[in-house]
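Here is a short tour to read alongside your viewer.

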Amino acid sequence: MKWGTLYGPHYVNNLARGVARHLKRPHRFICFTDDATGLDDGIEALPLPDLGLPEGHSDTRWRKLALFRADLAGLKGTALFLDLDLVIVDDLEPFFELPGAFHIIRDDDLFRPKPLRKINPERDAFLHSVGNSSVFRYEVGAHSYILDAFVADPKAATANYEISQQFQSAQLAKAGNLNYWPKEWCVSFKNHCVPKNFASYFADPTLPKGARIVLFAGNPKMDDALNGRGGKWYRRIGDISWLKSAWED
């Protein structure tokens, strides 16, 4: 999904090329967008799906939930959703082979432990269950209960949950469909590739064994990292030619 001006068309094009390199089965690459200018041939640009908010509600920050419409642009079959700001580094086929109705990243798998969170065990348990919606696989139209629950009371949803992936995860858990990718498949650039703190001055970032997708959770964002900016004075980025090659080639 691409809307607004934060991500240019090269994000979509590079991602589509990455998918083509790493997914051999026949597939369609679809971008829901409000501006298809500059997209490569072969990318199917479709209008952003409507959330279907009740009259008087115009908050569309959680527009990604529209992917769970029962009638998503007439599409059918299995979909692997990918955020724009990630880099595919290995075969995507296993993402389609893993049994289960729905799979997503466990958000905690992308970050270092947060011991202070355990002060509130109930809150800690919930946050540990939350899925990060940067990469998830689902059957189109099969999880409309997520969107239905949001549309039924969007005000309550946004009051009780900080971000859409928390709400989404709660609905999936209620339906018994909250399953996670193996933690080594989707890794954080900052937390899993870059040596920690001052160690980054003595070693370059490396790709962890088993990684298939590199994400940019927190800071630095993708553009910063690719341009050697670590976001902290003690975080050196170093040689990331392997990452740039996977993103740009």
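A salt bridge here is a side-chain nitrogen of Lys or Arg within 4 Å of a carboxyl oxygen of Asp or Glu. With that in hand, please keep in mind that this is a predicted model.

**Salt bridges**

- The Glu44–Arg28 pair links distant parts of the chain, 16 residues apart: Glu44 sits in strand β2, while Arg28 belongs to the loop between α1 and β1 (29-32).
- How exposed are the two partners? Glu44 has a relative accessible area of 27% and is partly exposed, whereas Arg28, at 55%, is exposed.
- Lys64 and Asp83 also meet through their side chains, in a salt bridge of 3.1 Å from N to O.
- Lys64 is in the loop between β2 and β3 and Asp83 in the loop between β3 and β4 (86-88), so this pair ties together parts that are 19 residues apart in sequence.
- Are Lys64 and Asp83 buried or exposed? Both of them are buried.
- Another salt bridge joins Lys118 to Asp124, with 3.5 Å between the closest N and O atoms.
- Lys118 counts as exposed because its relative accessibility is 56%, above the 50% cut-off.
- Asp124 counts as buried because its relative accessibility is 13%, under the 20% cut-off.

**Helix α1 and its packing against α9**

- Helix α1 covers residues 9-22 and helix α9 covers residues 241-248; the two pack at an angle of about 95°, with their axes 7 Å apart.
- α1 and α9 are therefore roughly perpendicular to each other, because angles of 65 to 115 degrees fall in that class.
- Which residues make the contact? On the α1 side they are His10, Tyr11, Asn14, Leu15 and Arg21, and on the α9 side Ala246, Trp247 and Glu248.
- By type, the residues of this contact divide into four nonpolar, two polar and two charged.
- From its first C-alpha to its last, α1 reaches 20 Å over 14 residues, close to the 20 Å expected at 1.5 Å a residue.
- The buried residues of α1 are Tyr11, Val12, Asn13, Asn14, Leu15, Ala16, Gly18, Val19 and His22.

- Gln171 lies in helix α6, which spans residues 164-174.
- Is Gln171 buried or exposed? Gln171 is buried, because its relative accessible area of 8% is under the 20% cut-off.
- Leaving aside residues up to four places away in sequence, Gln171 touches Tyr145, Ile146 and Ala149.
- Arg61, in turn, is found in the loop between β2 (43-46) and β3 (78-82).
- Arg61 is exposed, with a relative accessible area of 61%.
- Where does the chain return to Arg61? The C-alpha atoms of Arg61 and Ser164 are separated by 8.4 Å, although the two are 103 residues apart along the chain.

Technical notes
Residues are numbered from 1 along each chain as its sequence is written. This is a predicted model: local features need pLDDT of at least 70, side-chain atom pairs count only at pLDDT 80 or more; totals for chains, interfaces and linings use all residues. Side-chain values use heavy atoms; hydrogens and water are left out. Axes are lines fitted to C-alpha atoms, for helices over the stretch in contact, and angles run from 0 to 180 degrees between N-to-C directions. Helices (H or I, at least four residues) and strands (E, at least two) are DSSP runs, numbered from the N terminus. Angles under 35 degrees count as roughly parallel, over 145 as roughly antiparallel, 65 to 115 as roughly perpendicular and the rest as oblique. Contact means heavy atoms within 4.5 Å. Ala, Val, Leu, Ile, Met, Phe, Trp, Tyr, Cys and Pro count as nonpolar, Asp, Glu, Lys and Arg as charged, and the others, Gly among them, as polar. The expected span of a helix is 1.5 Å times one less than its number of residues. Buried means under 20% relative accessible area, exposed over 50%, partly exposed in between (1.4 Å probe, protein chains only).
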